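Hi everyone, thanks for making time. Let me put the structure up, and we can walk through a few parts of it together.

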Amino acid sequence: MPNLSFNGNTYHCAENQSVLDALTGHGVSIPSSCRSGICQTCLMRSVTGNAPADSQNGLKETLKAQHYFLACSCHPREDMEITLPDAGVARIQATVHSIEPLNHEIICVGLHCENPLDYRAGQFINLFKDATLGRSYSLASVPARDPHLKLHIRKVPDGRVSSWAHHKLKPGDVVEISSAVGNCFYVPGNPQQPILLIGTGSGLAPLYGIARDALEQGHTGPIRLYHGSRNPQGLYLVDELRALAERHDNFSYTPCISGDAIPGDAYAPGRALDVALADIGKLAGWRVFLCGNPEMVKTGRKKTFLTGAAMKDIYADAFTLAAA
């Protein structure tokens, strides 16, 4: 009879009993609704022990990779230590290694952790200004390639954390960050699947990490990245991305300008989402990543789904601005 370790306590799970029934039967309150594996309200994560494959049916590959499962359909075959999804997000100390301007409103902050952070390119961390004030920033770095964490921080008008990062933060400062979370990252296992990456502004950060991580892991299918801005000054890493495209035949980069038309063919005119959909057409079988402006992400989810992408293959971590 398997044992379940949860919140420091151990509970017995009877034969053919689900994790949800075992915990609630012992008086433990677990979020749940349909109890049939559809609503995903009872999502949990395995710290140790393997969740049966059928308890992960319907979950995104990124959730499976992080050992998430549905408690209502998980009938454990071995002892498991389990947590709720929001558990285990710890605070960690990091030292500012470097601060580099990327364009007129975005800086790249490099962070060094004494004990390497366990993360996947494209996930996000929280950067704390003080004990109570923090903001979420996606990771542009790749664990296998970059010795330091890399954040792209855009200066937000009256932004308390972004203003601090732009004007006060300096190399050598010690800051607090959270452990990495989020489902916007590359999962190996289907190397020929085409990948579409669409971003605006500093939403390029996770896409830059995801593209390089996929290439690092030997992805052979096409990887097409579209980055949009109203004007050329809002773009960045243009030379680096063009160089990456020259080194890899299966990677392409298209910078898009949605403002006034730009002479020449250096940029594609139009919004990144519209340019990408016009270029590619049907998206059946594609894996899609959307990052940046929340309205673009919201519209992008709908349009890429209607153009053929499966909902389970559409990934996004959209951030909204906090009130000043």
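Let's start with strand E1, which is joined to strand E5 (residues 80-83) by three bridges, the two strands running parallel. A word on names: helices (H or I, at least four residues) and strands (E, at least two) are DSSP runs, numbered from the N terminus. Two strands count as paired if DSSP finds at least two bridges between them. Within this pair, Phe6 has Ile82 in E5 as its bridge partner.

Before going further, please keep in mind that this is a predicted model: local features need pLDDT of at least 70, side-chain atom pairs count only at pLDDT 80 or more, and totals for chains, interfaces and linings use all residues. Residues are numbered from 1 along each chain as its sequence is written, and side-chain values use heavy atoms, with hydrogens and water left out.

Back to our strands. E1 covers residues 3-6 and also pairs with E2, this time in the antiparallel sense, over four bridges. There, Leu4 stands opposite Tyr11 in E2. E5 has another partner too: strand E3 (residues 43-48) pairs with E5 in the antiparallel sense over three bridges, and Thr48 is found opposite Glu81 in E5.

So what order do the strands take in the open sheet? The five strands run E2-E1-E5-E3-E4, with mixed pairing. Strand E2 (9-12) and strand E4 (68-70) stand at the edges with a single partner strand each, so one side of each has no neighbour in the sheet. On average, neighbouring strands of this sheet are turned by 40° against each other, direction ignored. For that angle, axes are lines fitted to C-alpha atoms, for helices over the stretch in contact, and angles run from 0 to 180 degrees between N-to-C directions.

Now, the loop between E1 and E2 holds Asn7. Its phi is near 55°, a positive value in a residue other than glycine. Most residues other than glycine have a negative phi. Asn7 counts as exposed, at 63% relative accessibility. Here buried means under 20% relative accessible area, exposed over 50%, and partly exposed in between (1.4 Å probe, protein chains only). Asp158 also has a positive phi, near 65°, and sits in the loop between strand E10 (149-154) and helix H3 (160-167). Asp158 is exposed as well, with a relative accessible area of 61%.

Next, cysteines. How many disulfides are there? Taking a disulfide as a pair of cysteine sulfur atoms within 2.5 Å, the count comes to zero. The closest cysteine sulfur to that of Cys72 is in Cys42, and at 3.7 Å this is too far for a bond. Cys72 is buried, at 11% relative accessibility. Cys74 is in no disulfide either, with the nearest cysteine sulfur, that of Cys13, 7.8 Å away. Cys74 counts as buried at 0% relative accessibility.

One more buried residue is Pro206, with a relative accessible area of 4%. Pro206 belongs to helix H4 (residues 204-216). From C-alpha to C-alpha, Pro206 and Arg120 are 9.8 Å apart in space, and they are 86 residues apart in sequence.

To finish, have a look at Met311, in the loop between helix H7 (294-306) and strand E17 (314-316). Met311 counts as partly exposed, at 43% relative accessibility.
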